[in-house]
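Have a look at the picture first, then follow the questions.

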Amino acid sequence: MTINTDDILNSILESLSRIDYIHASEIPNIDLYMDQVTTFMDTQLSSTRRYEEDKILTKTMINNYAKNNLLPPPVKKKYSKEHVLILIFIYYFKNILSIKDIETLLHPLIEKYFHQEKELNLASIYEEICSMEKSDVEPLKDEMKELYARTMESFLDAPEEDRAYLQLFSLICSLSFDVYVKKQMIEKLIDSIQDPTEK
């Protein structure tokens, strides 16, 4: 088995460099029909797909989010800019959190800031969070390089034909453990938020 781990690292670092987010100003200020929402999300988030055939967002998903109280219902079958912002949050959360956790997390945000014209509104909250996350990319690349260097020092005594795979396995295990621990932390933080279904 031939694995070029240097190529893999360079590919990961390059993809991290390309990470960006949908700016609130790029979201149309007019209300959109369902098809327009799915088209917008598909276009804007296409780079996040793992496989070409992966769906970013479908009509069924949007309907389920509204049914599960993750998303306020559309007005006359139209979705506002705030709906799109909430859908972007859901898109990123759904890979690591349960629907119940996402509801608990988003409920206070929707209750207080959905369709608010104040200075602190959903768009300004979204922009601040995304710009903060964008500034985390460079430190994340440094962390990835360190982890890669550490795992490339593992299994040096393994048979040469197995070494590259075992080192890659070691890197994947380290990243998975990091995700696991962070997911535990996220769940504990969400548990500290009052359940919106409990009064």
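Q: What is the handedness of the crossing of helix 7 and helix 8?
A: The crossing of helix 7 and helix 8 is right-handed. The rule is that a crossing is left-handed if the near helix is turned anticlockwise from the far one by less than a right angle, and right-handed if clockwise. Before we go on, note that this is a predicted model, where local features need pLDDT of at least 70, side-chain atom pairs count only at pLDDT 80 or more, and totals for chains, interfaces and linings use all residues. Residues are numbered from 1 along each chain as its sequence is written, and side-chain values use heavy atoms, with hydrogens and water left out.

Q: Why are helix 7 and helix 8 called oblique to each other?
A: Helix 7 (residues 137-151) and helix 8 (residues 160-191) pack at an angle of about 135°, and their axes are 9 Å apart. Axes are lines fitted to C-alpha atoms, for helices over the stretch in contact, and angles run from 0 to 180 degrees between N-to-C directions. Angles under 35 degrees count as roughly parallel, over 145 as roughly antiparallel, 65 to 115 as roughly perpendicular and the rest as oblique. Helix 7 and helix 8 are therefore oblique.

Q: Which residues of helix 7 and helix 8 meet?
A: From helix 7 come Glu143, Met144, Leu147, Tyr148 and Thr151, and they meet Gln167, Ser170, Leu171, Ser174, Leu175 and Lys182 of helix 8. Contact here means heavy atoms within 4.5 Å. The residues of this contact divide into five nonpolar, four polar and two charged. For these classes, Ala, Val, Leu, Ile, Met, Phe, Trp, Tyr, Cys and Pro count as nonpolar, Asp, Glu, Lys and Arg as charged, and the others, Gly among them, as polar.

Q: What makes helix 1 roughly antiparallel to helix 7?
A: Helix 1 (residues 5-17) and helix 7 pack at an angle of about 170°, with 10 Å between their axes. That angle makes helix 1 roughly antiparallel to helix 7. Thr5, Asp6, Leu9, Ile12, Leu13, Leu16 and Ser17 of helix 1 meet Val137, Leu140, Lys141, Met144, Lys145 and Tyr148 of helix 7. By class, this contact has eight nonpolar, two polar and three charged residues.

Q: How do helix 4 and helix 6 pack, and what is the handedness of their crossing?
A: Helix 4 (residues 81-93) and helix 6 pack at an angle of about 30°, with their axes 10 Å apart, and the crossing is left-handed. Glu82, Leu85, Ile86, Ile88 and Phe89 of helix 4 make the contact with Leu122, Ala123, Tyr126 and Ile129 of helix 6. These residues divide into eight nonpolar, no polar and one charged.

Q: How many helices and strands does the chain have?
A: The chain has eight helices and two strands. Helices (H or I, at least four residues) and strands (E, at least two) are DSSP runs, numbered from the N terminus. In order from that end, the elements run α-β-α-α-β-α-α-α-α-α.

Q: Why is Asn121 called buried?
A: Asn121 has a relative accessible area of 18%, so Asn121 is buried. Buried means under 20% relative accessible area, exposed over 50%, partly exposed in between (1.4 Å probe, protein chains only). Asn121 lies in the loop between helix 5 (99-113) and helix 6. Leaving aside its neighbours within four places in sequence, Asn121 is in contact with Tyr113 and Gln116.

Q: What makes Glu133 and Leu156 partly exposed?
A: Glu133, found in helix 6 (residues 122-134), is partly exposed because its relative accessible area is 45%. Leu156, in the loop between helix 7 and helix 8, has 44%, so Leu156 is partly exposed too. Not counting residues up to four places away in sequence, Leu156 touches Arg163 and Gln167.

Q: How do you know that Lys76 counts as exposed?
A: The relative accessibility of Lys76 is 75%, so Lys76 counts as exposed. Lys76 sits in the loop between helix 3 (59-67) and strand 2 (78-79). Phi of Lys76 is near 50°, a positive value in a residue other than glycine. Most residues other than glycine have a negative phi.
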